Amino acid sequence: DQQVKQNSPSLSVQEGRISILNCDYTNSMFDYFLWYKKYPAEGPTFLISISSIKDKNEDGRFTVFLNKSAKHLSLHIVPSQPGDSAVYFCAASGMNTGNQFYFGTGTSLTVIP
Amino acid sequence: DAGITQSPRHKVTETGTPVTLRCHQTENHRYMYWYRQDPGHGLRLIHYSYGVKDTDKGEVSDGYSVSRSKTEDFLLTLESATSSQTSVYFCAISESLDRVSGYTFGSGTRLTVV
């Protein structure tokens, strides 16, 4: 049973425009959420995180929004660059999951020059 | 780059044979993790370690065992490989249980069981 879901397997965006990647979760006890970026033949790289006490966290071109009532988070990339083309995973953990993060299935982002 | 190395990078093995994957870190981080990545499932935790000789099971631990005899090495063993264990395996490390900072992942091992 997938506790973290990324329903869009792929997304294409023009360079300079906004990329919005979405993630839904089912466990109301999740209180930390992370986004990872993965290039082919490499391991995932930590991108940005947010705790449940916030609804927004920003780091340069990357902003993560959290809507706890909807159990939904999103990653905004503005402006999108060709180097952002990668697979993006969201991950979540909570006090009742111990040290375990649950990952979504990933969204492959292609930024078109 | 954090010093985390996985070996081998690629392996093809036959059903029923034992296989050991190695994760080596030079960061002296306390916590180490083994994940597998499969289409339609994302990354799933197999086992993790919170210190030398201290390990625990993750979400998909059946058919796998781990050992950590030194801080820097975390071994994942498939006792008798099956085709369902064909996957990409990632090792990750973290210095603490601070869940805000995320993990550092290795480059992965692609395992094919034929």
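**A tour of the two-chain model**

The largest pocket has a volume of about 410 Å³. A pocket here is an open set of points on a 1 Å grid over the protein atoms alone, where a 1.4 Å probe fits, with protein on both sides within 12 Å along at least five of seven lines. Volume is the space filled by probe spheres set on the points, which are joined across faces, edges and corners.

This is a predicted model: local features need pLDDT of at least 70, side-chain atom pairs need 80 or more, and totals for chains, interfaces and linings use all residues. Residues are numbered from 1 along each chain, chains are lettered from A in the order written, and side-chain values use heavy atoms, without hydrogens or water.

**Stop 1: the pocket**

Select A:Lys38, B:Gln37, B:Val88, B:Phe90 and B:Arg110; of the 25 lining residues (an atom within 4 Å of a point), these lie nearest the centre. Then show E9 (86–94) of chain A with E4 (31–38), E9 (87–94) and E11 (109–113) of chain B: each supplies at least two lining residues. Strands are DSSP runs of at least two residues, numbered from the N terminus.

**Stop 2: the interface**

Colour by chain. Here 23 residues of chain B are in contact (heavy atoms within 4.5 Å) with 23 residues of chain A. The buried area is about 1,900 Å², with 55% from carbon and sulfur atoms; this is the accessible area (1.4 Å probe) lost on putting the two parts together, summed over both. Select B:Leu43, B:Arg99 and B:Tyr103: they supply 37% of what chain B buries against chain A, more than any other three residues.

**Stop 3: the core**

Select A:Val4, A:Phe33, A:Trp35, A:Leu73, A:Leu75 and A:Tyr88. They have the most contacts inside the largest nonpolar core, which has 24 residues. Such a core joins buried Ala, Val, Leu, Ile, Met, Phe, Trp, Tyr and Cys residues through side-chain atoms within 4.5 Å; buried means under 20% relative accessible area, exposed over 50%, partly exposed in between (1.4 Å probe, protein chains only). E9(A) gives the most to this core, four residues.

**Stop 4: the loops**

Go to B:His29, between E3 (19–25) and E4 of chain B. B:His29 is buried, at 12% relative accessible area. Its contacts beyond four places in sequence include B:Arg68 and B:Glu95.

In chain A, jump to A:Pro79, between E8 and E9. A cis peptide bond joins A:Val78 to A:Pro79, with omega about -10 degrees.

Finish at A:Ala41, between E4 and E5 of chain A. A:Ala41 is not a glycine, yet has a positive phi of about 65 degrees. A:Ala41 is exposed, at 61%.
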